[in-house]
Amino acid sequence: MIAQGTPLSRHTSFKVGGPPDRWAVPASEEALRETLVRCAETGEAVRALGGGKNLLVDDRGVEGTVIGFAGLRAVRIDGDLVVAQAGVSLPALMTRCVGRGLAGLDGLAGVPGTVGGAVRMNAGGVHGTIGERVEWVRGFTLRGEPFSFAGPECGFRYRGSRFADLVIVEVGLRLSPSGEDLRARVKEIIAKKSATQPLWSATAGCTFKNPPGGESAGRLLDRAGVKGLVLGGARYSTLHANFIENTGGGTFGDIMGLIAEGRRRVREQSGVELELEVEVWPRVTEGAFAAVGGAA
Ligand code: EPU
């Protein structure tokens with residue numbers, strides 16, 4: 001349970017964000033549906049919070065209800081089919097599958113977050129994305145109507161899917177039994193990542209998407225000289241230019257300011273308009289509600 005008034009800074013890896021107007025942590029799929037129906041009836045904004053690992057929230061919090069997924073963490077493994085609810089920790093699931101000799105999530109070593117959030121943004125990297133393993137996804141629309149899509153219907157693309165305005169409840173993943181030393185592979189990926197990314201700092205992962213055409217946002221930002229650039233309590237990582245760290249007391253404004261400055265420098269130097277990978281939840285209104293949705 002999350003107490004009303006709890007700031008989102010306690011539930012985001014950036015450690016930034018005020019409280020939502022209301023928290024809901026449904027204990028079951030049915031309770032989740034009821035929350036969505038209630039919000040739809042009252043016209044209240046509703047947002048789904050996954051692991052909060054790719055999310056920047058306004059210091060003033062957000063309007064409406066934020067849904068947490070701590071009550072939806074069941075996992076069922078049947079041969080090479082893994083069925084996980086949205087709130088399951090992706091690293092924990094990856095480790096469990098690797099322990100059983102099931103390959104397919106090991107390439108996601110070092111990717112934090114929940115299964116629901118990872119599927120929504122098709123999380124991954126050079127060693128593969130979660131979408132490649134998705135057999136089906138079930139959930140609700142923001143009005144509480146059920147949906148179910150098979151893998152090819154999910155619209156997986158680079159850091160995207162069709163689930164932006166849908167709430168994922170459960171995912172079926174098809175893995176492959178493997179004789180390989182998957183633990184060694186995971187260790188190797190984590191070692192490589194920790195040498196090139198600030199894995200243990202308060203960040204939201206890569207700030208910008210890599211632009212189309214094979215260029216790397218990190219390289220462009222590095223060339224534009226942002227490494228180590230500080231604004232208030234936030235700075236561009238000195239290890240990898242596409243990461244912004246909250247070094248202590250960083251605010252929404254500090255991070256937004258760094259985002260704008262990085263974008264400006266890259267635009268001026270390379271003519272490339274970087275697109276945010278991190279999802280931003282600004283507080284739009286002080287009282288009236290707007291209809292928004294998704295999971296982050
Ligand atoms: N580079 C620099 N300077 C930097 C950072 C990178 O010159 O400050 C260069 C590297 O030397 C390399 C190239 O840019 O030649 C690409 O860098 P890297 O190998 O680190 O990969 P990336 O494209 O920056 C992507 C994903 C990461 C994922 C890694 C590894 C994006 C935006 N980033 O990083 O995903 O972990 O590959 O699989 O797609 C994330 O999405 O949050 C994320 C961290």
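**Ligand shell, sheets and helices**

Student: Which helix gives the largest share of the shell around the ligand?
Tutor: Helix α5, residues 217-223, with three residues. Helices here are DSSP runs of H or I with at least four residues, strands are runs of E with at least two, and both are numbered from the N terminus.

Student: What kind of model is this?
Tutor: This is a predicted model, where local features need pLDDT of at least 70, side-chain atom pairs count only at pLDDT 80 or more, and totals for chains, interfaces and linings use all residues. Residues are numbered from 1 along each chain as its sequence is written, and side-chain values use heavy atoms, with hydrogens and water left out.

Student: Back to the ligand. Which residues come nearest?
Tutor: Y158, R159, C206, D222 and E277, out of 20 residues around the ligand. A residue is near if one of its heavy atoms lies within 4 Å.

Student: And how does that shell split by class?
Tutor: Six residues are nonpolar, eight polar and six charged. Ala, Val, Leu, Ile, Met, Phe, Trp, Tyr, Cys and Pro count as nonpolar; Asp, Glu, Lys and Arg count as charged; the others, Gly among them, count as polar.

Student: How far is the side chain of E277 from a ligand oxygen atom?
Tutor: An N or O atom of the E277 side chain is 2.6 Å from an oxygen atom of the ligand. For K227, the distance from a side-chain N or O atom to a ligand oxygen is 3.3 Å. S216 has a polar side-chain atom 3.2 Å from a ligand oxygen.

Student: How much of the ligand does the protein cover?
Tutor: The protein covers 73% of the 830 Å² of accessible area that the ligand has on its own. The areas come from the Shrake-Rupley method with a 1.4 Å probe.

Student: New topic: sheets. What is the strand order in the sheet of five strands?
Tutor: β5-β6-β12-β10-β11, an open sheet with antiparallel pairing. Two strands pair if DSSP finds at least two bridges between them. The edges are β5 (75-78) and β11 (146-150), and each pairs on one side only. Neighbouring strands are turned by 15° on average, direction ignored. Such angles lie between N-to-C directions, from 0 to 180 degrees, with axes fitted to C-alpha atoms, for helices over the stretch in contact.

Student: How many bridges join β5 to β6?
Tutor: Four, and the two strands run antiparallel. V75 stands opposite A84 in β6, while D78 has L81 as its bridge partner. Their hairpin has two residues between the strands, and G79 there takes a positive phi near 65°.

Student: And the sheet of three strands, parallel or antiparallel?
Tutor: Parallel, in the order β1-β4-β2.

Student: Why is one side of β1 and β2 left without a neighbour in the sheet?
Tutor: Because β1 (20-24) and β2 (46-48) stand at the edges, each with a single partner strand. Neighbouring strands in this sheet are turned by 30° on average, direction ignored. β2 pairs with β4 (residues 62-67) over three bridges, and A48 stands opposite I67.

Student: Which strands does α1 lie across in that sheet?
Tutor: α1 lies across β1, β2 and β4, at about 160° to β4. Contact means heavy atoms within 4.5 Å. Helix α1 (residues 29-42) also lies across β10 (134-141) and β12 (166-174), at about 45° to β10.

Student: Last one: where do α2 and α4 meet?
Tutor: M94, V98 and G99 in α2 meet L182, R183 and V186 in α4. The axes of α2 (residues 90-99) and α4 (residues 182-196) come within 9 Å and cross at roughly 145°.

How values were computed:
A polar contact is a pair of N or O atoms within 3.5 Å; within protein, one must be able to donate a hydrogen and the other to accept it, and residues adjacent in sequence count only if both atoms are side-chain atoms.
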